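Please keep the model open while reading this note. It is written for someone who has not seen the structure before.

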Amino acid sequence: MDTDVICPELEVSKKEPSNNENGGVMQEEEAGRNHGDGSYDNTTCCHDGKDSDSVGVGQAIMSMRERVYVAFKRKEKVVNTGTALLVILLYFAYIAYAFYYRFGDEGSWRLLGVTAFIVLYITWSRLHGVYGEQMNAWWKRGRGFRNSVTARRSRLVITWVLRIAVFAFLVVYVVLDIAIEQPENLVSVAGLVIFLLIFYLTSVNPAMVNWHTVFWGIALQYLFALLILRTTWGYNMFKWLGDRVTEFLNHAMAGVLFAFGTSYEDHFFAMKVSSIVAFFFTVINILYYLGVMQAVIRVLGRSLSFCMGTTPGESISAAANIFLGMTDGPMMLRPLLKNMTKSELHAIMVGGFATIAGSVLGAYITFGVPANHLLSASVMSAPAALAVAKLSYPEMEKTKASHTDYASLEKGPEHNIIEAASNGATASLKMIGSILVNVIAFLSLLAFLNAMLAWIGYRVGIHDPDLSFELICSYVLFPVSFFMGVETSDCRKVAELVGVKTFTNEFIAYSKLKVLIANRKALTNYTDVYNATDWYWNNNDIILNTTGQVLDGGIISEKSEIISTYALCGFANFGSIGITLGGFGALAPTRRPELTKMVMRAMICGNVACFLTACIAGLLYKPV
């Protein structure tokens, strides 16, 4: 309480006693109020009666609060440490009793995993906080040794040994496990070679390509896919992660039902999908405020940099794009953007085009796309993006990147977790609005374009089927889908999806894939109950004889569905070019002219990075 505001005359008691002209102290009546006629009123505004008692109590409370605060500040470290230890002890007491009460089910392993992550995160944070400067100093002191002839020769030998060993392993595995059992999958190997050869021939400077980066980008993709698609424990782990993400996103239904009621399915996309985006965006912002996102991204970025030889900025951005949007990731590197080389800026843009944001991952899951394949596609696209980017636009300048760039990740401006949640929810409005207006606009443009093409075709006798954008894409992009490993009978349908994704956006493409996935499930359920042959094709549709149900658009095989999931999992489309230029232009306005020249190349590279991921998924696909 500010006593100066309540009673200004109390300020008198705070001053040193003043002497009058006779050398005495100030007379008591001077504390009174002069009315201008020589008389004084010895009563002050709040010095008597109840008001005086209230002021005394208020001052006592303020004085006590100040003493408590001063005592706390003196022992703040002790109090904080004691509180933290108490919380840790209580948590581990809970863990111990929970494991004693029930252990062995899925929930107990989930609790153990979360606990291990928390312990590792806290341990690393504390060690980095205490020994971070010493570690940086040690790294600088070792620069001379790292640049020595002996160290360079050792690195060269180790590098070549690892390359030869990994390459030999991949070749042997492909020959023994794929070429013998599923030779049709080898088409995807041809696709990998063709895509890489095309980008090498069209590279800005083929002579400057760093093949170390390209090799390890493809190798990491392959190893990730091998882990996920060919090992039982890897597949089960990602399936478990996908199930947990789906379970987590179902909590958004509380907000959906409250805001829109049970009739939300009448406007499924606008109501449920947008709500999931808002929910996920909020959670990501909370993790960003807590520093969890920065820690995970920093570890992944260092791993990519170590394996592929990319700079910290490129590696951090590629890792960030696994979780964040195409402009949110670079925002973490705002201080570095103005000094980056053209190749580094190109690589960052390709990473944004080749991946999807965590906030829209949940939206695609609602379309029925397998969550485990979406998660693995997001992870695999990070090294693929760096490989394709460095093949298409190799480094030709001297970079200013340094080891200290890993510490340049910017933190959020929030002061507490509530503000972080609120800011995340508010920030999602821009994402939701962008998604909704783009879907509306591009679907409308697609309908207009198809109507115009149908009219043009009709004038020259092309009808049944009518000439359409999808029909053109199904022929023009047929080779792309074929060399990704898609079954020949499904190539035109997958080519349509790729064309729609590239020229409109991935939401529309995934919504079309959703129909094909639902149709295959419906046909499977039908054939389980009725005669397996009691259905037939009618142009592109399937008619179920017994029930009379029409499956519009027909079906594609499970292999084609998985390849499509990987091929569509990225922001690489013409609409995203404007978003990228707008975001980067705000973060690094002085680099906008260079970005404008490179953005089309970056968008194409982002698409091909997704195609490479799809090729490897097609190569390693094995029917259950």
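Predicted model: local features only at pLDDT ≥ 70, side-chain atom pairs only at ≥ 80, totals over all residues.

1. **The largest core.** Start with the nonpolar residues. The largest nonpolar core has 135 residues. Those with the most contacts inside it are Tyr-222, Val-360, Tyr-364, Met-484, Phe-507, Tyr-510 and Leu-620. Which helix gives the most to this core? Helix H26, residues 592-620, does, with 16 residues.

2. Another core lies apart from the largest one.

3. **Val-360 up close.** Val-360 is among the residues with the most contacts inside the largest core. Set aside its neighbours within four places in sequence. Val-360 is then in contact with Met-431, Ile-435, Phe-507 and Phe-571. Phe-507 is also on the list of residues with the most contacts in that core.

4. The structure holds 10 salt bridges. In one of them, the side chains of Arg-110 and Glu-247 meet at 3.1 Å, N to O. This pair links distant parts of the chain. Arg-110 is in helix H4 (residues 106-141), Glu-247 is in helix H9 (residues 232-249), and 137 residues separate them. Glu-247 also meets Arg-244 in a salt bridge, again with 3.1 Å from N to O. Arg-244 and Glu-247 both lie in helix H9. They are 3 residues apart, about one turn of the helix. Together, Arg-110, Arg-244 and Glu-247 are linked in a network of salt bridges.

5. Arg-110 counts as partly exposed because its relative accessibility is 27%. Glu-247 has a relative accessible area of 32%, so it is partly exposed too.

6. Asp-177 forms a salt bridge with Arg-230. The closest N and O atoms are 1.9 Å apart. Asp-177 lies in helix H6 (residues 149-179) and Arg-230 in helix H8 (residues 211-230), so the pair ties together parts that are 53 residues apart in sequence. Are these two side chains buried or exposed? Asp-177 counts as buried, because its relative accessibility is 16% and the limit for buried is under 20%. Arg-230 is buried as well, also at 16%.

7. **Cysteines.** The count of disulfides is 0. Cys-307 is partly exposed, with a relative accessible area of 26%. Cys-615, by contrast, is buried at 0% relative accessibility.

8. **A sheet of three strands.** An open sheet has 3 strands in the order S3-S4-S5. The pairing is antiparallel. Why is one side of S3 and of S5 left without a neighbour in the sheet? Strand S3 (535-538) and strand S5 (550-551) stand at the edges, and each has a single partner strand. Strand S4, residues 541-544, pairs with S5 over 2 bridges. Ile-543 has Val-550, in S5, as its bridge partner.

9. **Val-283.** Val-283 is found in helix H11, residues 268-290. Its relative accessibility is 22%, so it counts as partly exposed. The limit for buried is under 20%. Gly-424 is 141 residues from Val-283 along the chain, yet their C-alpha atoms are separated by 7.5 Å.

Conventions
Residues numbered from 1 in each chain as written. Heavy atoms only, no water. Helix = DSSP H or I, 4+ residues; strand = E, 2+ residues; numbered from the N terminus. Buried < 20%, exposed > 50% of the residue type's maximum accessible area, 1.4 Å probe, protein only. Core = buried A, V, L, I, M, F, W, Y, C linked by side-chain atoms within 4.5 Å. Contact = heavy atoms within 4.5 Å. Salt bridge = Lys/Arg side-chain N within 4 Å of Asp/Glu carboxyl O. Disulfide = S-S within 2.5 Å. Pairing = 2+ DSSP bridges.
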